[in-house]
Amino acid sequence: MLAKLRTYWDDPLFVRSGFLMQPTTAAKRRYDKVLSLMHVLEDLRRDDELDPRTLSRTVRTACYDNAFALCIASIFADFTARMPHVRLRAMQADEHLFDYLREDLLDLVFFARQGLHPDVHSVALLTTPYVCLVRRGHPLSERAAALGPLEREDLEAFPQVLINAQPDRYRAPNSPGNGWFNPKNPDRIALVTPFFLAASLCLEETDCYAIVPKATAELALDPRRTAMLQLSDAAPKLTVRLGWHERTHADPGSQLILAQLLALIQKRFGRPVGE
């Protein structure tokens, strides 16, 4: 069989190294695709309905740190109890995540934008407003206590720790909500970071503020150190989506994993707005 595969792919695939056989670069590159084909063949061989407790898969996914906290870490214990033989492998998302999905280097992607990728299916997982984070005793806390939810203009007097949620090479750093929260004066941006969960640590002993999803703040931040201030209804909201490629859309095992993730996330956070 190895001889046939070497002829078919015009590559040795495995070469001897001491007492071991090591895969070539071409073999490593093809491994994930071959593995996905094996999963399909295993599912076709089954006559009965797939069982979440026995399904064995490795799921490759990409996400930003807030989506990881909300959609993987927060439901991980329940997910592994339901699907003990499904292994999750998460990588940092970047502007190439849809390319990697098309190239079969990823199985699932968490993202916040929709409508640009016709070969990608998606479902909304959760919707959350944004909140303004400041240190305890910040002047914005007094403003919010006296007058209610903050307007964007209330933030202009203070420096911002800007979370560049979806960085790419084609645009200037912007804040969540496609830049809606960016200050009018770019000199008010004190720090740019891609990390939602670490941004609050930069606020202590400063007058900086940061804008993060409310669900993330409630899940991961210490209220003894950071104040969470409500924003006005004019501010945009975040909807986190889960995407997968057309090639796995009809795969029973992939759809079973998707269904379990969706059920657990919406059990924790409720149904997303408009879905």
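Modeller: What follows is a set of questions about labels, each answered by setting a value against its cut-off, and the model is a predicted one.

Biologist: What makes Cys132 a buried residue?

Modeller: Buried means under 20% relative accessible area, and because the value for Cys132 is 0%, this residue is called buried.

Biologist: How do you know whether Cys132 is in a disulfide or in none?

Modeller: A disulfide requires two cysteine sulfur atoms within 2.5 Å, whereas the nearest cysteine sulfur to that of Cys132 belongs to Cys208 and is 11 Å away, and Cys132 is accordingly in no disulfide. Cys202 is also in no disulfide, with the sulfur of Cys208 as its nearest at 8.2 Å, and by this rule the count comes to 0 disulfides.

Biologist: Why is Cys202 called partly exposed?

Modeller: The label covers values between the 20% limit for buried and the 50% limit for exposed, and Cys202 has a relative accessible area of 32%, so it is partly exposed.

Biologist: Which residues touch the most other members of the largest nonpolar core?

Modeller: They are Phe110, Cys132 and Leu140, in a core of 43 residues. Among the elements that each supply at least two residues of this core are strand E6 (120-135), helix H6 (139-147) and helix H10 (252-269). Apart from it lies another core, of 13 residues, including Leu133 and Ala210.

Biologist: How do you know that the length of H10 is close to the expected one?

Modeller: H10 has 18 residues, and the distance from its first C-alpha to its last is 26 Å, which is close to the 26 Å expected at 1.5 Å a residue. Its buried residues include Leu256, Ile257, Leu261, Leu264 and Ile265, and just after the helix Gly270 takes a positive phi of about 85 degrees.

Biologist: Why is Ser122 called buried?

Modeller: The cut-off is under 20%, and Ser122 has a relative accessible area of 19%, so it is buried. Ser122 lies in strand E6.

Biologist: What makes the pairing of the Ser122 and Arg241 side chains a polar contact?

Modeller: The limit for the N or O atoms is 3.5 Å, and the polar contact between these two side chains has a distance of 3.1 Å.

Biologist: Is Gln160 buried or exposed?

Modeller: Gln160, which is found in strand E7, has a relative accessible area of 1% and is therefore buried. Among the residues it touches are Phe181, Arg188, Leu191 and Tyr209.

Definitions and conventions:
Residues numbered from 1 in each chain as written. Predicted model: local features only at pLDDT ≥ 70, side-chain atom pairs only at ≥ 80, totals over all residues. Heavy atoms only, no water. Core = buried A, V, L, I, M, F, W, Y, C linked by side-chain atoms within 4.5 Å. Buried < 20%, exposed > 50% of the residue type's maximum accessible area, 1.4 Å probe, protein only. Helix = DSSP H or I, 4+ residues; strand = E, 2+ residues; numbered from the N terminus. Expected span 1.5 Å × (residues − 1). Polar contact = N/O pair within 3.5 Å; in protein donor to acceptor, adjacent residues only side chain to side chain. Contact = heavy atoms within 4.5 Å. Lists of a residue's contacts leave out its neighbours within four places in sequence.
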